[in-house]
Amino acid sequence: QVQLVESGGGLVQPGGSLVISCAASGIAVSDNTMAWYRQAPGKKREWVATVTESGSRAVADSVRGRFTISRDNAENTVHLQMNNLKSEDTAVYYCNLYLSSYWGQGTRVTVSS
């Protein structure tokens with residue numbers, strides 16, 4: 001059974017950095033395309049970043065240059081490094097086995113002074 005468990009969210013000041021993680025079980029992240037999505041209060045869930053089986057990475061325009069997705073095959077974990085955080089990055093961040101119905105429970109990131 002596939003399980004995705006996010007961690008690492010919290011409160012950070014504007015301009016700060018945070019790393020959130022997604023620990024997977026039941027699948028190998030190295031064999032799958034994994035993604036991060038986020039949902040801000042009152043808004044639809046939106047795609048943030050993807051890393052493919054081959055290691056290709058893509059990020060949304062809104063976070064390009066600030067966010068980096070990476071994968072630790074040994075730990076079977078996907079990370080999202082978030083730098084220069086802005087108030088508009090405040091959201092619940094979800095890990096997803098890309099294009100599947102498998103989602104984590106989400107981790108909340110709040111950017112505020």
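Me: What do Tyr37, Tyr94 and Trp103 form?
Reply: Tyr37, Tyr94 and Trp103 make up one aromatic cluster. The model is predicted, with local features requiring pLDDT of at least 70, side-chain atom pairs counting only at pLDDT 80 or more, and totals for chains, interfaces and linings using all residues. Residues are numbered from 1 along each chain as its sequence is written, and side-chain values use heavy atoms, leaving out hydrogens and water.

Me: Why is the pair of Tyr37 and Trp103 called edge-to-face?
Reply: Rings of Phe, Tyr and Trp (its six-membered ring) pair if their centres lie within 6.5 Å, and planes under 30 degrees apart count as stacked, over 60 as edge-to-face and the rest as tilted. Tyr37 and Trp103 lie 5.0 Å centre to centre with 65 degrees between the planes, so the pair is edge-to-face.

Me: What makes the pair of Tyr94 and Trp103 edge-to-face?
Reply: The ring centres of Tyr94 and Trp103 are 6.5 Å apart and the planes stand at 85 degrees, therefore this pair is edge-to-face.

Me: How do you know that the charged end of Arg45 sits over the ring of Tyr94?
Reply: A charge sits over a ring if NZ of Lys or CZ of Arg is within 6 Å of the ring centre and within 35 degrees of the ring normal. The charged end of Arg45 is 3.8 Å from the ring centre of Tyr94 and sits over that ring. Arg45 also lies over the face of Trp103, 4.5 Å from the ring centre.
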